[in-house]
Amino acid sequence: MILLNNSQKLLALYKSLARSIPESLKVYGSVYHINHGNPFNLEVLVDSWPEYQMVIIRPQKQEMTDDMDLYTNVYRIFSKEPQKSQEVLKNCEIINWKQILQIQEDILNLNASNKSKFGSWAETGHPDVEFESETPNFKYAQLDVSFSGLVNDKWRRGKNERSLHYIKRCIEALPTACLLGPEGVPVSWVTMDPSCEIGMAYSMERYRKRGKMRQAMVQFMKYLRQNNIPFYLSVLEFNEDSLRSVRHNGFFEAACEWHQWTCYPQNLVPF
């Protein structure tokens, strides 16, 4: 594999990956952040250049110092020939199999932004003045890092020190959004991960089914679109409430597969 670290080549890769959306979305979004400051210190590997069949995004070596950090030790893979991935992944120089890690490849039940549908709806139906008049006691804002503990406590994959550290990095470095309630505390919020996936979305129980998450999402997506930041989200196949919600917010469902593996070396198996 070839380490791609030239800015012009990374820009060319980004444009090339756009032609393979939605299958390339996780890698495409990662390359976007790499090209815009690389706040998570990621690196790009390709099997050949300029023609390539496989792209791997992984943290730089200095980032993967904690063998137990499942939030940092993440490899995102796009392959034009998935059947050949296995041979590449066996290479210990590419993946550190001595650590707990995640491998994310392609997409399952992934929802990418539908620009034409969302654009016309957002621009005509929900201007900022209407948002403010409808929610006089609530304020749309960027999520402050001081609320990292709250997000960590409510995140299904959180509730530990490693997840708290990861959440702080996401809030500090990447776009976020929240709706502040009358007490100045978030009642709904949403974050972005290093691959441009929208996630950790949550509404406090007393504010559910009152449109607060939708209000925050509308404003957040408007910001992302205005700044040409790619975004997408994934929903569990059986989560009908979330599926209805994201469809209502102008997303469409992509019919392709997404695989995610959590790998444990024998000496670190948690059971």
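How much of the accessible surface of the protein belongs to carbon and sulfur atoms? The share is 49%, out of an accessible surface of about 14,100 Å².

## Overall make-up

This is a predicted model. The protein has 271 residues, and 50% of them count as buried. Its secondary structure consists of nine helices and 13 strands.

Among contacts with a separation of 6 or more, 68% are between residues 24 or more positions apart.

## The largest nonpolar core

The largest nonpolar core contains 52 residues, and Leu17, Val44 and Val55 have the most contacts inside it. Helix H2, residues 25-35, supplies the largest share of this core, with six residues. Domain 1 (2-106 + 257-263) and domain 2 (139-249) each contribute at least three residues to this core.

Which residues does leucine 17 touch, once its neighbours within four places in sequence are left aside? The contacts of leucine 17 are Ser24, Val27, Tyr28, Val31, Tyr52, Val55 and Phe78.

## Leucine 45

Leucine 45 is part of strand S2, which covers residues 42-46. Is leucine 45 buried or exposed? Leucine 45 has a relative accessible area of 5% and is therefore buried, the cut-off being under 20%.

Neighbours within four places in sequence aside, leucine 45 is in contact with Met1, Ile2, Leu3, Met54, Val55, Ile56, Arg58 and Ile94. Another contact, Ile56, is eleven residues from leucine 45 in sequence, and the two C-alpha atoms are 5.1 Å apart in space.

## Aromatic residues

The count of aromatic pairs comes to nine. Tryptophan 49 and tyrosine 52 form a stacked pair, with 6.3 Å from centre to centre and 10° between the planes. Tryptophan 49 is partly exposed, at a relative accessible area of 26%, whereas tyrosine 52 counts as buried, at 3% relative accessibility. Tyrosine 52 is also one of the contacts of leucine 17.

One aromatic cluster is formed by Phe40, Tyr71, Trp155 and Tyr166.

## Cysteines

How many disulfides does the structure hold? The number is zero. Cysteine 178 is buried, with a relative accessible area of 1%. Cysteine 196 counts as buried too, at 1% relative accessibility.

## Valine 185

Where does valine 185 lie? Valine 185 is in the loop that runs between strand S8 (177-180) and strand S9 (186-192). Its relative accessibility is 38%, so valine 185 counts as partly exposed; that class lies between the cut-offs of under 20% for buried and over 50% for exposed.

Leaving aside neighbours within four places in sequence, the contacts of valine 185 are Phe147, Leu150, Leu179 and Leu180. Leucine 143 and valine 185 are 42 residues apart in sequence, with a C-alpha to C-alpha distance of 9.9 Å.

Technical notes
Residues numbered from 1 in each chain as written. Predicted model: local features only at pLDDT ≥ 70, side-chain atom pairs only at ≥ 80, totals over all residues. Heavy atoms only, no water. Helix = DSSP H or I, 4+ residues; strand = E, 2+ residues; numbered from the N terminus. Buried < 20%, exposed > 50% of the residue type's maximum accessible area, 1.4 Å probe, protein only. Contact = heavy atoms within 4.5 Å. Disulfide = S-S within 2.5 Å. Areas by Shrake-Rupley, 256 points an atom, 1.4 Å probe, with all protein chains shown as cover. Core = buried A, V, L, I, M, F, W, Y, C linked by side-chain atoms within 4.5 Å. Domains from an automatic or database assignment. Phe/Tyr/Trp six-rings, centres within 6.5 Å; stacked < 30°, edge-to-face > 60°.
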